Amino acid sequence: MQNLIDIFVRSIFIDNMIFAYFLGMCSYLAISKTVKTSSGLGIAVIFVMGITVPLDYVLEKYLLKAGALSWISAGLADVDLSFLSFMVFIAVIASMTQLVEMIVEKFSPPLYNSLGIFLPLIAVNCAILGASLFMQEREYNTLAEATVFGLGSGIGWYLAIVSIAAIREKLRYSNIPGPLKGLGISFIITGLMAIAFMSFLGIKL
Amino acid sequence: MSEKEPLLSKKNLKLVKDPLNENNPITVQVLGICSALAVTVKMKPAFVMAVSVTAVLAASNVVYSLVRNYIPPRIRIIVQLTIIATMVILVDEILKAYVYEISKQLSVFVGLIITNCILMGRLEAFANANKPWPSFLDALGNGAGYGLILITVSFFRELLGSGTVWGYPIMEKLGVYNTGYVNNGFITLPPMALVLVGLIIWLQRSRFKNLIEKH
């Protein structure tokens with residue numbers, strides 16, 4: 001249990017997808033103009049990540065890893081399919097995104113309209129594939145750990161996009177030099193926020 | 001486009017040149033930022049990354065442009081992802097075989113080329129409606145524009161952060177350490193990459209006023 005909480009807190013604050021690895025920056029910068037839409041996208045990301053990471057973990061463990069196929073028969077024990085992992089992960093993510101899109105369209109048409117083109121683009125949100133690849137690289141031991149990691153990363157991403165959206169809403173009233181408006185200042189603010197998040201590094205878990 | 005048009009006509013050259021500056025994938029189209037920032041601590045990985053992205057982009061742009069008329073629009077995203085993923089697997093295997101050290105440093109970011117928005121963006125916006133040759137040039141241009149920013153950012157981060165250029169200890173050779181100069185370790189940390197790109201955007205938009213945003 002202690003271990004799970006560690007992973008959860010780590011993935012939200014210390015290994016934050018945006019501030020530590022810059023993953024999912026494209027939609028982070030494009031959608032963060034108002035708090036409302038960004039929180040919608042953030043929730044979609046938490047949901048997709050919370051499903052895909054454990055799913056990819058199971059696939060990785062029982063299908064892709066070197067020797068993973070040995071549960072079928074001993075003859076398959078030295079088959080190594082790990083080079084296929086990119087392909088499998090992205091297929092899982094693309095189909096899950098399709099699912100989320102259908103659910104959102106059915107239950108919340110206003111949200112669907114405001115997210116517009118960016119919902120299908122969750123499939124190419126680097127943060128989601130990134131979470132699966134980090135899960136693979138860090139070699140989590142149990143399904144619970146992978147799930148907690150997926151959810152935590154999603155929540156970290158949500159936190160980041162909602163806070164920058166709130167800052168950008170206020171920024172509209174401030175006097176920024178012309179060429180720095182929009183994209184430029186967003187980058188620099190994200191940099192400053194990342195510095196703030198670095199202070200979590202001091203937490204020993 | 002007529003068959004007689006020369007291979008390097010003005011229009012085609014424009015495809016290569018535009019992304020270098022006024023239509024840069026990173027600073028103007030806001031594509032592919034994710035990987036651009038994380039691999040720019042040193043110049044060598046940044047260069048390898050830029051070359052890999054260009055290679056994947058060129059190959060998948062051409063392949064997708066060749067098959068574009070046979071793909072039903074509804075399933076095109078999956079097809080695009082499959083093409084890109086195949087190319088990325090190839091590049092990943094090549095990197096592991098020939099430059100293992102750098103491939104280790106890039107870690108998950110090679111895999112993340114699949115979700116690099118530049119690829120989907122260019123496939124969707126350009127290769128979807130153009131013939132293979134212009135698509136190839138478009139890929140080269142965008143790859144180069146991406147590489148340009150990567151190299152610029154990594155140059156400053158490596159020079160100021162580690163005091164080297166392409167692994168060559170230039171600050172030590174110039175003898176600046178004797179005057180009390182110290183490497184700024186802060187610049188090798190992730191946040192400074194963001195600030196540097198912000199500054200590059202500022203510089204670029206001060207020169208090209210038409211790029212300035214309203215908000």
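## Helix α1 of chain A

Let's start at helix α1 of chain A, residues 2-14: its 13 residues reach 17 Å from the first C-alpha to the last, close to the 18 Å expected at 1.5 Å a residue. That expected span is 1.5 Å times one less than the number of residues. Helices here are DSSP runs of H or I with at least four residues, numbered from the N terminus.

This is a predicted model, where local features need pLDDT of at least 70 and side-chain atom pairs count only at pLDDT 80 or more, while totals for chains, interfaces and linings use all residues. As for bookkeeping, residues are numbered from 1 along each chain as its sequence is written, chains are lettered from A and ligands numbered from 1 in the order in which they are written, and side-chain values use heavy atoms, leaving out hydrogens and water.

Which residues of α1(A) are buried? They are D6(A), I7(A), S11(A), I12(A) and I14(A). Buried means under 20% relative accessible area, exposed means over 50%, and partly exposed is in between (1.4 Å probe, protein chains only). The cover over those residues includes α2 (17-21), α8 (143-171) and α9 of chain A.

## Where the chains meet

Chain A gives 39 residues to the contact and chain B gives 44, with contact meaning heavy atoms within 4.5 Å. C34(B), T115(B) and L194(B) supply 16% of the area that chain B buries against chain A, more than any other three residues. Together the two chains bury about 3,700 Å², and 85% of that is on carbon and sulfur atoms. Buried area is the accessible area (1.4 Å probe) that two parts lose on being put together, summed over both.

How many salt bridges run between chain B and chain A? The count is zero; a salt bridge needs a side-chain nitrogen of Lys or Arg within 4 Å of a carboxyl oxygen of Asp or Glu. On chain B's side of the contact, α2, α4 (76-98), α6 (108-111), α7 (117-127) and α10 each supply at least two residues. Of these, α10(B) gives the most, with 12 residues. By class, the side of chain B that touches chain A has 29 nonpolar, 10 polar and five charged residues. Here Ala, Val, Leu, Ile, Met, Phe, Trp, Tyr, Cys and Pro count as nonpolar, Asp, Glu, Lys and Arg as charged, and the others, Gly among them, as polar.

## A look at α10 of chain B

Helix α10(B) covers residues 190-207, and its 18 residues should span 26 Å at 1.5 Å a residue; the end C-alpha atoms are 27 Å apart, which agrees. Its buried residues include P191(B), M192(B), L194(B), I201(B) and R205(B).

## Salt bridges

Across all chains, the whole structure has four salt bridges. In chain A, the side chains of D15(A) and R10(A) pair up at 3.6 Å, N to O. D15(A) is buried, at 14% relative accessible area, whereas R10(A) is partly exposed at 34%. R10(A), D15(A) and R138(A) are linked in a network of salt bridges.

Over in chain B, K96(B) meets D92(B) at 3.4 Å, N to O. The two are four residues apart in helix α4 of chain B, so about one helical turn separates them. K96(B) is partly exposed at 42%, but D92(B) is buried at 9%. R122(B) and D138(B) form another salt bridge, at 3.1 Å, N to O. This pair links distant parts of the chain, with R122(B) in helix α7 and D138(B) in helix α8 of chain B, 16 residues apart. R122(B) and D138(B) are both buried.
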